Structure formats: C-alpha cells, structure tokens
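Subject: Handing over the structure

Hello,

Here is the structure I promised you, and below it is what I found when I went through it.

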Amino acid sequence: MAREPIYEIDDPRFAHLIVGSARLEELYSGCRWAEGPVWFSDANQLVWSDIPNQRMLRWTPEGGVSVFRQPSSFANGHTRDRQGRLISCEHGTRRVTRTEIDGSIRTLAESFDGRRLNSPNDVVVRSDGTIWFTDPTYGILSDYEGYRAEPEQEGRNVYRLDPETGELAAVATDFNQPNGLAFSPDETILYVADSGASHDDALPRHIRAFDVVDGRLANGRVFATIDKGIPDGIRTDTAGNLWSSAGDGVHCFAPDGVRIGKIFVPQTVANLTFGGPRRNRLFIAATTSLYAIYVTATGAQVP
Ligand code: MG
C-alpha cells in the first residue's frame with residue numbers, strides 16, 4: 001500500500017534539512033487548541049499551552065504528559081529569557097508574565113499608553129534581554145480562548161519590552177493581526193507573521209522581515225506568503241532558515257525567502273519549536289495534538 005508522503009521538497013536545499021526515514025510521531029492528543037511550545041534543555045522537557053482548556057502541559061521522554069499549570073490564564077505563546085525563566089503571553093489577564101525561579105508569576109507588561117493590551121500572543125527574547133511580543137485581538141474576540149472584550153488599543157502592535165526599566169515601545173503598528181515572531185540567528189532580522197486572513201481571506205497571510213537597528217525595526221518587507229492556511233508560530237534554525245506553521249503542516253523558507261519544502265501534518269499547525277538535547281527535534285503544536293519529528297536542522301533559539 002502506498003504511504004502518504006510526509007515531505008514536499010520544493011528545492012534541493014530542503015533535502016539536506018530532513019531525515020528521509022524520520023516519521024511524524026504523535027506524542028499527545030486531547031488538546032482543544034495546542035499552542036506555544038517551549039523547550040527546557042536543562043529539564044529535558046517540553047511545555048506547551050492548551051488554550052481553551054486553561055492549562056499548560058509538560059512532556060518528557062521518560063514520563064510522558066502531565067499538567068504543568070492549571071488554570072493557565074488562557075496562556076498562549078512562551079519562551080525563556082537568558083536566565084532560563086519562562087516568559088508567557090496570557091489572554092485571560094491580557095499580559096506578559098515571567099515565572100520566577102521560585103515559581104511565583106510576575107507581570108512584565110499589561111498596558112500601553114495607559115490602556116490595556118489586547119491579548120499578547122507570542123514572544124521572543126533577544127540576547128540583550130529585551131522581550132519582543134505581538135498583541136493581536138484573538139484572545140478577546142470570544143470567551144473561548146480568553147474573555148470577550150472590546151480592544152482598548154487602536155492597533156494590533158508588535159512591542160519591545162525592556163524588563164529592567166519596564167519601558168514598553170510599539171515597534172510595529174501597521175499589522176492586521178501580528179502573531180508568531182522569530183529572530184534570525186545573528187539577530188539582525190526580526191520575522192513577524194501576520195495572520196489577518198484567519199477571519200478575512202482578503203487580509204494578510206504572510207511573514208514580514210524587518211532589520212533590527214538600535215532596538216527599532218526598519219525596512220519592513222514581505223518575506224514569504226503562506227499558500228495553505230495562515231502563518232502562526234515561526235522559528236529559525238542556525239542556518240537562518242525559517243520554519244512556519246501553516247494549514248497543511250510546517251513550511252520551510254530559506255533565508256532568501258524561497259519556500260524550499262513542507263512537512264505535512266494531519267491537523268492545522270499553530271506553532272512549533274526545536275527541542276531535544278541536540279535541538280534537532282521539531283515539536284509541533286497542531287490543533288488537538290503534539291507531534292514531533294527529527295530533522296537535520298538545529299534550532300537557533302536559546303536557551
Ligand atoms: Mg500564535
């Protein structure tokens with residue numbers, strides 16, 4: 001019997017990033033909307049969000065899946081800072097938090113210009129410690145992934161937060177729905193997904209690239225467009241390739257913006273991250289399930 005292909009190779013460069021014999025493994029199923037995977041190399045564990053179920057889950061190779069935090073304030077995207085502390089976007093409280101080493105949760109940002117944020121969605125930390133996050137309205141559109149509310153912000157912005165001073169700056173204000181974000185390995189480029197097409201086909205389904213200059217964004221341009229579904233979470237590898245969530249799986253783009261291949265996933269993909277001891281295992285949050293697949297690429301994000 002013919003096997004369903006799990007890869008689409010659009011460019012020979014992609015053939016060097018995948019393991020031909022590797023298979024997509026389903027590690028867990030039972031989420032309502034899986035999001036925000038973050039790898040803890042020191043604990044050999046993956047943590048991710050199940051947004052509508054108000055919980056965060058943990059997977060380890062030895063122990064399988066357990067509850068990491070519940071209730072989770074409808075947490076969505078996560079990352080870790082340079083000290084290894086968990087940084088989280090919460091829809092329910094409309095804030096960005098840091099989980100301290102003692103387990104307490106501290107608010108880092110909840111308002112801009114004296115008005116509440118919409119619903120922080122995804123977050124990355126730069127090597128200088130600054131925290132960059134997106135603030136679309138998904139978490140306040142209904143009571144399913146947060147609490148329904150009218151936006152107080154005029155825009156759906158991308159922000160840079162200095163956690164030392166608390167200074168919050170809007171670094172991009174012209175997105176429809178900014179979503180996943182990732183730095184190039186040398187941090188000279190910030191990629192940001194615009195998933196506006198989630199609710200209106202005429203709106204963007206692309207990833208923009210910006211030059212990062214003195215903590216600001218410049219020279220914004222469309223880097224890539226997703227041909228199936230929308231871009232949500234994105235990551236880069238150490239060679240500068242960009243791996244994006246999409247409706248039919250994971251799409252991989254070379255640094256020149258050419259889509260070089262796809263990994264097909266049976267459910268809509270919301271987010272992904274590289275993990276495992278060698279950061280060569282792609283963990284994929286896809287609707288009800290968490291999947292994983294080994295690749296030859298190495299994730300760029302730290303720690
Ligand atoms: Mg997202």
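Asp211 stands opposite Ala218 in β20. That pair belongs to the contact between strand β19 (residues 206-213) and strand β20 (residues 216-225), which run antiparallel and are joined by 7 bridges. Two strands are said to pair if DSSP finds at least two bridges between them, and the elements themselves are DSSP runs numbered from the N terminus (strands are E, at least two residues; helices are H or I, at least four). β19 and β20 form a hairpin with 2 residues between them, and Asp214 in the turn has a positive phi of about 50 degrees.

Before going further, please keep in mind that this is a predicted model: local features need pLDDT of at least 70 and side-chain atom pairs count only at pLDDT 80 or more, while totals for chains, interfaces and linings use all residues. Residues are numbered from 1 along each chain as its sequence is written, and side-chain values use heavy atoms, with hydrogens and water left out.

On its other pairing, β19 meets strand β18 (residues 189-194) in the antiparallel sense over 6 bridges. β19 is mostly covered, with 6 of its 8 residues buried. Buried here means under 20% relative accessible area, exposed means over 50%, and partly exposed lies in between (1.4 Å probe, protein chains only).

How many residues of β18 are buried? The count is 6 of the 6, so β18 is largely enclosed by the rest of the structure. In a regular strand the side chains alternate between the two faces of the sheet. In β18 both faces are covered: Ile189, Tyr191 and Ala193 are buried on one side, and Leu190, Val192 and Asp194 are buried on the other. β18 also pairs with strand β17 (residues 178-183), antiparallel, through 4 bridges. Within that pairing, Leu181 has Val192 in β18 as its bridge partner. The hairpin of β17 and β18 has 5 residues between the strands, and Glu187 takes a positive phi near 65 degrees there.

Another sheet to look at is an open one of 4 strands, in the order β7-β8-β9-β10, with antiparallel pairing. β7 (75-80) and β10 (105-109) stand at its edges with a single partner strand each, so one side of each is left without a neighbour in the sheet. Neighbouring strands of this sheet are turned by 30 degrees against each other on average, direction ignored; the axes are lines fitted to C-alpha atoms (for helices over the stretch in contact), and angles run from 0 to 180 degrees between N-to-C directions. Strand β9 (residues 95-99) and β10 share 4 antiparallel bridges, and Thr97 is partnered with Thr107 in β10.

Now for the aromatic rings. Rings of Phe, Tyr and Trp (its six-membered ring) pair if their centres lie within 6.5 Å; planes under 30 degrees apart count as stacked, over 60 as edge-to-face and the rest as tilted. By this rule the count comes to 12 aromatic pairs. Trp39 and Phe283 make a stacked pair, 5.4 Å centre to centre with 15 degrees between the planes. This pair links distant parts of the chain, with Trp39 in strand β3 (residues 34-40) and Phe283 in strand β26 (residues 281-286), 244 residues apart. Trp39 counts as buried at 5% relative accessibility, and Phe283 is buried at 0%. Elsewhere, Phe14, Trp243 and Phe274 form one aromatic cluster.

Trp132 sits in strand β14 (residues 131-134) and counts as buried at 0% relative accessibility. The C-alpha atoms of Val158 and Trp132 are separated by 7.2 Å, although the two are 26 residues apart along the chain. Val158 is found in strand β15 (residues 156-161) and is likewise buried at 0% relative accessibility.

Best wishes
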